[in-house]
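Here's a quick briefing to read with the model open beside you. Grab your viewer and follow along, topic by topic.

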Amino acid sequence: MADPDVGEPQRTCVGCRRVAPKREFVRLVCDNDLGVVVDADARLPGRGAYVCGIRECVLSAARGGLARSWRVPIRGDAERLWMLIQRAVAARGKESDRR
């Protein structure tokens, strides 16, 4: 049986360094004015970074992975970022239920 992930874009979580298909991650974008923005649709312009939807990965990414990935200091609260990601993941789930 063929591997379903073959040919699908792979990304690495900046929190835990796990490599998986892009669809399994949440994309974050660095915005100079707002800090970190959750890009649920993966369409915003700018340099993106990917995290798992797991709290520990998000907190680890906020502590250093995002700053390393974007090469800029990150402003903002890690817990706030976790809540934003939870909302984005929930909204994405509702969106896929409608299809």
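Start with Leu 28, which sits opposite Ala 49 in strand 5. On another pairing, Leu 28 stands opposite Val 38 in strand 4. Keep in mind that this is a predicted model. The chain carries two helices and five strands, and reading along the sequence gives you β-β-β-β-β-α-α.

- Three strands make up an open sheet in the order 4-3-5, with antiparallel pairing.
- Strand 4 and strand 5 are the edge strands, each pairing on one side only.
- From one strand to the next, the twist averages 35°.
- Strand 3 and strand 4 run antiparallel and are joined by five bridges.
- Strand 3 also pairs with strand 5, again in the antiparallel sense, over four bridges.

**The nonpolar core**

- Which residues touch the most other members of the largest nonpolar core? They are Leu 28, Val 38, Val 51, Leu 66, Leu 81 and Ile 85, out of 21 residues in that core.

- Leu 66 is found in helix 1.
- Is Leu 66 buried or exposed? Leu 66 counts as buried because its relative accessibility is 0%, and the cut-off for buried is under 20%.
- Setting aside residues up to four places away in sequence, Leu 66 touches Val 14, Leu 28, Val 36, Ala 49, Ala 61, Arg 71, Ile 74 and Leu 81.
- Leu 66 and Val 51 are 15 residues apart in sequence, and their C-alpha atoms are 9.3 Å apart in space.

**Ile 85, another core member**

- Ile 85 is one of the residues that touch the most other members of the core.
- Leaving out neighbours within four places in sequence, Ile 85 is in contact with Val 26, Leu 28, Val 38, Val 51 and Val 58.
- Leu 28 therefore turns up in the contact list of Ile 85 and also in that of Leu 66, with contact meaning heavy atoms within 4.5 Å.

**Cysteines**

- How many disulfides does a search of the whole structure find? The search comes back with zero.
- For Cys 52, the closest cysteine sulfur is in Cys 13, at 3.6 Å, so the two are too far apart for a bond; the cut-off for a disulfide is within 2.5 Å.
- In general, a disulfide is a covalent bond between the sulfur atoms of two cysteines.
- Cys 52 counts as buried, because its relative accessibility is 1%.
- Cys 30 counts as partly exposed, because its relative accessibility is 24%.

**Loop residues with positive phi**

- Arg 17 has a positive phi of about 70° although it is not a glycine.
- Where is Arg 17 found? Look in the loop between strand 1 (10-12) and strand 2 (19-21).
- Arg 17 counts as exposed because its relative accessibility is 57%, and exposed means over 50%.
- Ala 42 has a phi near 55°, a positive value in a residue other than glycine.
- Ala 42 lies in the loop between strand 4 and strand 5.
- At 33% relative accessibility, Ala 42 counts as partly exposed.

**Whole-chain numbers**

- Of the chain's 99 residues, 32% count as buried.
- The chain exposes about 6,600 Å², and carbon and sulfur atoms supply 51% of that.
- Take the contacts between residues at least 6 apart in sequence: 45% of them join residues at least 24 apart.

Definitions and conventions
Residues are numbered from 1 along each chain as its sequence is written. This is a predicted model: local features need pLDDT of at least 70, side-chain atom pairs count only at pLDDT 80 or more; totals for chains, interfaces and linings use all residues. Side-chain values use heavy atoms; hydrogens and water are left out. Buried means under 20% relative accessible area, exposed over 50%, partly exposed in between (1.4 Å probe, protein chains only). Accessible areas come from the Shrake-Rupley method with a 1.4 Å probe; for residues, only the protein chains shown count as cover. A nonpolar core is a set of buried Ala, Val, Leu, Ile, Met, Phe, Trp, Tyr and Cys residues joined through side-chain atoms within 4.5 Å. Two strands pair if DSSP finds at least two bridges between them. Axes are lines fitted to C-alpha atoms, for helices over the stretch in contact, and angles run from 0 to 180 degrees between N-to-C directions.
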